[in-house]
Amino acid sequence: MSIFILQIPSFLLLCILLLYLFNVILRKFRLVQKFSGHKPPTYPIIGCLISFYKNQGRLLDWYTELLAESATNTIVVHRLGARRTVVTANPRNVEYMLKTNFNNFPKGQPFTEILGDFLGYGIFNVDGELWRTQRKFASHEFTAKSLREFFVMTLEEEVEKGLLPILESLAVTAEVVDLQELLRRFAFNMVLKVSLGIDRCCLDPSRPVPPLTRAFDKASEICAKRGAAPLFIVWKIKKWLGIGSERQLKNAVEEIHRYVSEIIISKKKMIEEGENRDEDLLSRLILAGHEEEVIRDMVINFIMAGRDTTSAAMTWLFWLLSCHPEIEKEVVKETKVLMERRLDYDSLKEFNLLKACLCESMRLYPPIAWDSKHAIVNDLLPDNTPVRAGDRVTYFPYGMGRMEALWGEDCFKFKPDRWFVEANDTRQLQEVCPYKFPIFQAGPRVCLGKEMAFVQMKYVMASMLGRFKIKPVSSASPVFVPLLTAHMAGGLEVLVHKRTQTSM
């Protein structure tokens, strides 16, 4: 036996000894309780890495369970290779982060580093003065009547000339279509037209995905995986070596930059020659005198924000309505009445039941499952959770929508009625605190496109539901996948039928 041991290299013996000691330490300090109030099962050195790996396929539900067990709906996560992270579903904490002490909770360098290759110095990936400058410009443009009119005109054109003819054809041929992919292409067309002023891409899901769409998909996916990686050093090494997913990201970003830069050059030339009459955001950015790189990054940020969020919300709502035919019937009645007259930006605000359904859908399946900030200095959240300088502080819309403390015992049910109140013998849509329902963020960084998003979703949903019945092919419950923006795993295959009086 001693001869055999001598033949083992010394470094291997050292490794075996270290593993043995590590195992002893784990046994000695192993947590007895499943939950400890403010953290998942945690060990010395590695923190909750074991639990993290065990639950990697269900992180959203795992965090939700931990938050529900916590008396304050807040947990503190320690994990080897990651920053100390505070995750909260407490509206008081969310308000403190996003409004009360806004200056202490910027996105921070760790966040901007993850998305920097893709989003650059655009509004959603910067802090400080650069953010304020872009925010001021965007705020002015998003409230301009001319942009709203251009948006509604584009929306009507894309629906009437693009989306509805496709649905008519699908109803006639009885072909199965991936509704998520169809709505994603529609949303991409909309944001390209409003942001860049370019003609739409192919809407037909049977046709190949355009290269620009593929590039955005790939960049979004890889950046999301950067953020979710158990050890951040792995993607940094891959980037340094230029291999694997990091090489793919580089190629995708180069393609996006090349595409957008060519459009900027073309648009500038048209403006200089007096040929440009567009009301798109790109024209406005150029006329405002911004540098080309800043324009490019801002446009990419706007495209990223608008391309998947609305399509995801609508996809989930179509599925939920198919599971609740009695609610779908009431929504169709509302759309039939309101669609009899020409709709404009203001009249689209009247779809109260449809808006309640959209809010309820986004409560259960938020387009952005979580968002993080990074503390500049030591702080104390309203629920007395200490925050250290450099901590990652995450508010968690997915978990918040499933907190019994916020939404009651029926929090897992699709119930649009929860968005209404009885007042003066009338049923009115109630305003819910944005820190309880932070789907569009809140405070100084609240989403500027919130109203446009609702207008787009209402117009599309009303146009489709008033004319067609959408029936999923499978009865299985879809799987929620959280990347930079969330989507339905595998899409939503449906059959499209023309709506009749009997199918209302």
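Buried means under 20% relative accessible area, exposed means over 50%, and partly exposed lies in between, with a 1.4 Å probe and protein chains only. With that in hand, here are some exercises.

The model is predicted, so local features need pLDDT of at least 70 and side-chain atom pairs count only at pLDDT 80 or more, while totals for chains, interfaces and linings use all residues. Residues are numbered from 1 along each chain as its sequence is written, and side-chain values use heavy atoms, with hydrogens and water left out.

**Exercise 1. Classify Cys447 and Arg296 as buried, partly exposed or exposed.**

Step 1: Cys447 has a relative accessible area of 33%, so Cys447 is partly exposed.
Step 2: Place Cys447 in the fold: it sits in the loop between strand 9 (426-429) and helix 20 (450-467). Helices (H or I, at least four residues) and strands (E, at least two) are DSSP runs numbered from the N terminus.
Step 3: Check the record: an unreviewed UniProt entry annotates Cys447 as "binding site". Such annotations may be inferred rather than shown by experiment.
Step 4: Arg296, in helix 14 (residues 292-307), has a relative accessible area of 16% and is therefore buried.

**Exercise 2. Which residues does Arg296 touch, leaving aside its neighbours within four places in sequence?**

Step 1: Count a contact when heavy atoms lie within 4.5 Å.
Step 2: With those neighbours left out, the partners of Arg296 are His257, Val260, Ser261 and Ile264.

**Exercise 3. Compare the span of helix 7 with its expected value, then find what its buried residues pack against.**

Step 1: The expected span is 1.5 Å times one less than the number of residues.
Step 2: Helix 7 (residues 128-142) has 15 residues, and its 21 Å from first C-alpha to last is close to the 21 Å expected.
Step 3: List its buried residues: Trp131, Gln134, Arg135, Phe137, Ala138, Glu141 and Phe142.
Step 4: These residues pack against helix 8 (145-173), helix 13 (281-287), helix 14 and helix 20.

**Exercise 4. Where is Leu241, and which nonpolar patch does it belong to?**

Step 1: Leu241 lies in helix 11 (residues 232-241).
Step 2: Leu241 is partly exposed because its relative accessible area is 48%.
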